[in-house]
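Biologist: Could you take a close look at the surface patch in this model, and then follow the charged pairs and the strand pairing from there?

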Amino acid sequence: MLKYSVQNKAEPGTYALPFQVTEQESVLSTLIIPASEAEGRIVIEVSLAWENPLLNWDIGELDIRLRRNDERGPMLDWLQDSCYQEGFAELSYEETGKQGEPYVYCLTVQSSDRRAVITGPLMVQGSVYVDSMDENLDGQ
C-alpha cells in the first residue's frame with residue numbers, strides 16, 4: 001500500500017532544459033523522503049529523454065547515477081545509455097527505509113566528449129510502500 005510519494009519533474013523547455021551533459025558528473029535533481037515517512041519499502045524511479053548533439057552519427061553516451069545524499073555520496077545504482085539520435089532512459093532502485101532518518105537521493109549525469117543533452121521530460125519519483133497487514137496490526 002502506498003504510504004508517501006514525492007516527485008520532481010521538468011518538461012522540455014522548462015527550468016534548465018535542455019541541459020548539455022559534460023565530462024564532469026553533474027547533479028540533475030535531488031529527492032528527499034522525510035524521516036517521518038521513510039519507514040517501509042522505498043522505490044525510486046527515474047526517467048529522462050535525451051539526445052545526441054553530434055550530427056556525424058557517432059553514438060551518444062550518457063551515464064546516469066543515483067547517489068546517496070549528494071554527488072560525492074555512495075552510488076546506489078547506475079545506468080549507461082547510448083543512442084544515435086534520441087534516447088529515453090529509465091532507472092529503478094529499491095531499499096528498505098527506517099523511520100527516524102531522512103533518505104536523500106541525488107541524480108547525476110555524465111557524458112564523455114559531451115555526447116548527451118537532456119531534453120526532457122525528466123522525472124524523479126520516490127514512493128514509500130508499507131504492507132497493509134502491518135498497518136492493521138498497528139491499528140489494533
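Modeller: Trp57 counts as exposed because its relative accessibility is 54%, where exposed means over 50% relative accessible area, buried under 20%, and partly exposed in between (1.4 Å probe, protein chains only). The model is predicted, and local features need pLDDT of at least 70, side-chain atom pairs count only at pLDDT 80 or more, while totals for chains, interfaces and linings use all residues. Residues are numbered from 1 along each chain as its sequence is written, and side-chain values use heavy atoms, with hydrogens and water left out.

Trp57 sits in the loop between strand S4 (40-51) and strand S5 (60-68), strands being DSSP runs of E with at least two residues, numbered from the N terminus. Together with Ile59 and Tyr84, Trp57 forms a nonpolar surface patch with about 340 Å² of accessible area, as computed by the Shrake-Rupley method with a 1.4 Å probe and only the protein chains shown as cover. Such a patch takes residues with over 30% relative accessible area and no salt bridge, joining nonpolar side chains (Val, Leu, Ile, Met, Phe, Trp, Tyr) within 5 Å and like charges within 9 Å.

Turning to the charged side chains, the whole structure holds nine salt bridges, each being a side-chain nitrogen of Lys or Arg within 4 Å of a carboxyl oxygen of Asp or Glu. One of them joins Glu61 and Arg115 at 3.1 Å, N to O. Because Glu61 belongs to strand S5 and Arg115 to the loop between strand S8 (103-110) and strand S9 (116-129), this pair ties together parts that are 54 residues apart in sequence. Glu61 is partly exposed at 28% relative accessible area, whereas Arg115 is buried at 11%.

Strand S5 also supplies Arg68, whose side chain meets that of Glu95 in a salt bridge of 2.8 Å, N to O; Glu95 lies in strand S7 (residues 86-97), and the pair links distant parts of the chain, 27 residues apart. Both Arg68 and Glu95 are buried. Salt bridges with shared partners also join Glu25, Asp63, Arg65 and Arg67 into one network.

Definitions and conventions. Helices (H or I, at least four residues) and strands (E, at least two) are DSSP runs, numbered from the N terminus.
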